[in-house]
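Hi everyone, thanks for making time.

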Amino acid sequence: MLCVVVRLPWAGDLGMHAATVQRFRHSLLHPGNPLVDADTPSPYHSPWMLLLGTVAKLTGLSVFVVLRLAALTGLGLLVTGVRRYVRTLSGHRAAPALAFLSLVFLWGPLLFNWSGFLGLNSLALTVSYPSVFALGLTFHFWAWLTRTVRGEVAWGACLGLGALWAVILLCHQFTGVVASLGGLATVLAARPARGALLRLGAGVLLGLLVLWLWPYYDFFALFSAGADLEAVHRPLYQHLVGRFGLVLLGVVALGFRLRRDHRDPLALFFLFGVLVFAAGGLTGHYSWGRALPAALIPAQLAAALEAVSAGRVLVRRGWACVLLAALAVGAWTQAGTLGYAVPRDALPGVVAAKYRTPWAGYQWIMRAGVRYGDVVMARRFPARQIPAYGPYTVAPGYPDFFLPDAGRREAAVERYFSPAAGAGERRGILREYGVKWVLGGSEAPWLRRTAVGPGGQVLYRVLS
């Protein structure tokens, strides 16, 4: 993973996070929309991205160097957080290592990548994302909460936990839901006294206050997100056995744990995760599928812990052999991740076949003369990357329900690139959105060919 951080493969939402750091780097108080030239809030304006933008502004480091620093921080938090939390569940010296192996390899025979999910390939592509940082904080949150409810529940600890809970929710909302479900399971399993519950409740109220006071976006407005968010997350409910089949081993382990302790925190955590995930599928709220790690994480941890906590030695050894086989299958599924750490030609052929080439990026348009704040007319795929370097696009490359005219902007891009659009209509669109550059499309008298990039993409300058 350290080699992956050095190379920082580009895929998925990296452009969105880089663009957010760009906006904070230029204005800490009024960053504006990360993707388009509009003064709107954004759920990506989190405390973590504010800190990264401040680092970029004060040090002069490039955004991608700052994202590498973010990746190192996220990895450090994740590794130490898993270790601390697992230590609350088992004192065996091998437990943290087995737990981490299960978290990254115990998935399924079908490769699956999504931010907030801890498979090795997914982690390699999202290591600099806020989701990894938030997951690291989440494991520390669960460890701190577990130790708090098992001992003397002090006011300071409860208020600190409430503030940390709010930070996780602000940094990555979906991971915040997972953190909340795990926290609820921890409290229910511990059965704290009434006085302790009151102090924990005060921590929750402080967390809600922090969410309400956060100035960069309205956290509670996220509950009214539109249908676009549901459509994006519908694939989470597909190919479940292929993607997560090996986790069934952890479900069996949870059954053993539940038989030993009817209030086992991992079993309760798993139950909450399954209920939320199932409710999302049944009601069409597919974004609730992002709560699936709340079912996967406790099952993966249970599978690892059973190898060191089962009663009889023969049972533990037998379980360890089964776990080893499952981890080997999961590791082979994700073997292509090695391509993000070493050159592809250094891989054996069967491993190289599993490697998925990352995106090339659009640094070349900056060398061709595009400047920070320029508006570029581009289709959806390049629009997911161009703002990472500082320019804006006409329409956002990602769903943005905080942008009131997002639909109108997307329609304008479609009209501009439509063969049926006339010269007058196209020029009117360029003027309306202050476009200075056009990526792709056909030649026109008001455009001057400036550069040709990978795949024959043509960059045009708009003539005044």
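Let's start with residues 58-82: their end C-alpha atoms sit 32 Å apart, and the span is 88% helix and 0% strand. Helices here are DSSP runs of H or I with at least four residues, strands are runs of E with at least two, and both are numbered from the N terminus.

Before I go on, a word on where this comes from: it's a predicted model, local features need pLDDT of at least 70, side-chain atom pairs count only at pLDDT 80 or more, and totals for chains, interfaces and linings use all residues. Residues are numbered from 1 along each chain as its sequence is written, and side-chain values use heavy atoms, with hydrogens and water left out.

So what does UniProt list for "transmembrane region"? The unreviewed entry gives residues 58-82, 94-115, 127-145, 197-217, 237-256 and 268-288. Those positions are in the numbering used here, feature names are shortened, and annotations may be inferred rather than shown by experiment.

On a 1 Å grid over the protein atoms alone, a cavity is a set of points where a 1.4 Å probe fits but cannot get out; a pocket is an open set with protein on both sides within 12 Å along at least five of seven lines; and lining residues have an atom within 4 Å of a point. Points are joined across faces, edges and corners, and a volume is the space filled by probe spheres set on them.

The second largest pocket comes to about 320 Å³. Of its 16 lining residues, Phe141, Leu145, Val187, Leu200 and Val204 lie nearest the centre. Helices H7 (130-150), H8 (155-171), H9 (173-190) and H10 (194-213) each supply at least two residues of that lining. By class, it's 11 nonpolar, five polar and no charged. Nonpolar covers Ala, Val, Leu, Ile, Met, Phe, Trp, Tyr, Cys and Pro; charged is Asp, Glu, Lys and Arg; the others, Gly among them, are polar.

As for cavities, there are four of 30 Å³ or more. The largest holds about 50 Å³, and its lining includes Trp107, Arg243 and Gln334. That lining splits into four nonpolar, four polar and one charged.

On to charges: how many salt bridges does a search of the whole structure find? Nine, each being a side-chain nitrogen of Lys or Arg within 4 Å of a carboxyl oxygen of Asp or Glu. Aspartate 264 pairs with arginine 257 at 3.0 Å, N to O. Buried or exposed? Aspartate 264 is buried at 5% relative accessible area, and arginine 257 is buried at 10%. Buried means under 20%, exposed over 50%, and partly exposed in between, using a 1.4 Å probe and protein chains only.

Glutamate 443 and arginine 449 also form a salt bridge, with their closest N and O atoms 2.9 Å apart. Here glutamate 443 is partly exposed at 47%, and arginine 449 is partly exposed at 46%.

Last stop: threonine 20, in helix H2 (residues 14-26). Threonine 20 is buried, at 0% relative accessibility. Leaving aside residues up to four places away in sequence, threonine 20 touches Pro34, Tyr44, His45 and Met49, where contact means heavy atoms within 4.5 Å.
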